[in-house]
Amino acid sequence: MDSKREEKEYQGIAASPGIAHGPVSLLRETELSIPKYKIESDRLEDENIRFENALLSTRKQIQAIRDQVETSLGEDEARIFDAHLLVLEDQALIDETIREMKSDLVNVESAVWTVGNRYIEAFGQIDDEYLRERASDIRDVMRRLLSNLTGESLGDGDRPDDKHVIVAHEISPSDSACIDKDHLLGLVTDIGGKTGHTVIVARSMNIPAVVGLGDLSKKVSPGDVILVDGYEGNVIVNPSDSTIFRYGKLKDEHITLEKRMLALSKDVSQTKDGHKIRLMANIESEKEAKRALEIGADGIGLFRTEYLFLNVRKLPSEEEQYLAYREVAETMGDLPVVIRTLDLGGDKISTARALGMHHESNPFLGYRAIRYCLDNVELFNTQLRALLRSSVHGNVRIMYPMISGAPELIQANECLQSAKEQLRDEGIAFNDDIEVGSMIEIPSAAVASDTLVEGSSFFSIGSNDLIQYLMAVDRLNDRVAHLYEPTHPSVVRTLKMVVDAARKGEIDVSICGETAGDPVMVPLLIGLGIESLSMSPSLLPNAKYVVQSMELQEAKDLAAMALQETDGSVILEKLTEFYDARMASLY
Ligand code: PEP
Ligand code: MG
């Protein structure tokens, strides 16, 4: 290390796991110079034609990037660019730009700049991480459009030939699509959250990434060396030899640990005293089922079907849905496959154009999930028919999200009954005994869970929403993230209440929120009586190791402790102590 370059450590948000170390490559976008001038009214038509041509060229470019990403990364990542195409085709945006040119008599670049920035600002101020990040989609599209109008290149500078870590203020989806993956060691950005597109792409490429680092891109310069810790969210600029050595050891430990856990994940998921625990996978597309099976999942505990409805111009047909559900059912064979009916809400409306949804001020408390489906019975009926048809190809179960009380469950089951009758009349096969579950993710459903036993074959606790509603903490708002406490006594007691109601009603109970995949929480959940846990496939090996390394009575003791304690942080401390002791034996 250059002796003049001092080691400095920064803390950001861990976005994609792994440790990387290499020279900094700064990604700075070219500052486009936008010509802004007044025009005579007789030039308006020419400007309109320029606008139309630029829209067409931009469309072609985005489509080409989409095709490139689809080939290199797959369909899921390529969908990002469908969102860009939607921005480009947004009639409100186009009309407003034309109006701006006409009313202010300005050239098209000027109008695009003004209107685009108006939208970016409006989205950027929304108190919702997901929507805030859509501002970067608009910005990306606007820059491309302006570059086509001005003929200026969007160039991001030359990348070194050696392997490097990219540092940027922000990485747009089209930047990330054009990054040379063979030379990329890690990604570091000033802004961005966990649901950002770049993060999704980094994870899918297994590239360590840390986001939310303030103005780091202004503090580093070419020639600096950077170390990225995507496990903890640390970034160290110009690390000393001893820091590099320390992280090198940490990296080796992680790799060894991951390998050991992966090897163990082939074994049955049961406690030391032989108590079987079902560890299932959460998936978001039919393509992920194969990976779930390979990693040793005991089934699919949650198939979020929303993605079929996102970024589409037209709703998915019954046939399209049936094929997707059938693929998962067939991949999993006899293993259970729990498919959740549509849960698309205010937090995802910007990409849910086909459903004609609108922005709401309290999206998480709004028009979503079963509320939306019971109000749009035709759409619900199409999905239920597709689900029923897929039920003859495997062990398919249906699950309703956001049930708030018995009347909604009854109404949903009536819709299911009607879909069954239609199929029967049409002579189409389905499993008449298909199991139907209620998600318990609203406090009202938890408190009155005994009233939901009738009409449910199982409960699945949606802890992501249940905790946010119990604690009044928006799960996407990083300013109140410290108040989101899965070990809070209210959460522990609520889980117990739901388990008791399920036991009394003799139905199964599982959990499918992020808490289920947190290895520190696993013993507590099992001790409370939850014997089926569903999580992201990558978390399964660690959870399985925890199950295999404990006895059921130990889990019960932890649950008894948690039900007595008054302070969530003490519960967490004790659970962490237990977990650390188990992990120690793996090292
Ligand atoms: C939950 O709320 O815990 C859940 C699994 O559903 P989602 O995260 O999709 O809201
Ligand atoms: Mg939920």
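## The shell around ligand 1

Ala, Val, Leu, Ile, Met, Phe, Trp, Tyr, Cys and Pro count here as nonpolar, Asp, Glu, Lys and Arg as charged, and the others, Gly among them, as polar. Sorted this way, the shell around ligand 1 has six charged, four polar and three nonpolar residues. The model is predicted, so local features need pLDDT of at least 70 and side-chain atom pairs 80 or more, while totals for chains, interfaces and linings use all residues. Residues are numbered from 1 along each chain as its sequence is written, chains are lettered from A and ligands numbered from 1 in written order, and side-chain values use heavy atoms, leaving out hydrogens and water.

In total, 13 residues surround ligand 1, and the closest are Arg304, Arg340, Gly462, Asn464 and Arg475; a residue belongs here if one of its heavy atoms lies within 4 Å of the molecule.

## Polar contacts and cover

Let us look at the polar contacts (pairs of N or O atoms within 3.5 Å; within protein, one must be able to donate a hydrogen and the other to accept it, and residues adjacent in sequence count only if both atoms are side-chain atoms). The side chain of Arg340 places an N or O atom 2.9 Å from an oxygen atom of ligand 1. Glu441 has a polar side-chain atom 3.0 Å from a ligand 1 oxygen, and for the side chain of Asp465 the distance from an N or O atom to an oxygen of ligand 1 is 3.0 Å.

On its own, ligand 1 exposes 290 Å², and the protein buries 97% of that; these accessible areas come from the Shrake-Rupley method with a 1.4 Å probe, and for residues only the protein chains shown count as cover. Helices (H or I, at least four residues) and strands (E, at least two) are DSSP runs, numbered from the N terminus.

## The magnesium site

Glu441 (OE) and Asp465 (OD) coordinate the magnesium ion, ligand 2, at 2.0 to 2.1 Å. The two are 24 residues apart and link distant parts of the chain: Glu441 sits in the loop between β13 (436–440) and α15 (443–447), Asp465 in helix α16. Donors are N, O and S atoms within 2.8 Å of the metal (3.2 Å for Na, K and Ca); water is not among the atoms, so sites may look incomplete.

Glu441 is buried, at 2% relative accessible area, and Asp465 is buried too, at 3%. Buried means under 20%, exposed over 50% and partly exposed in between (1.4 Å probe, protein chains only).
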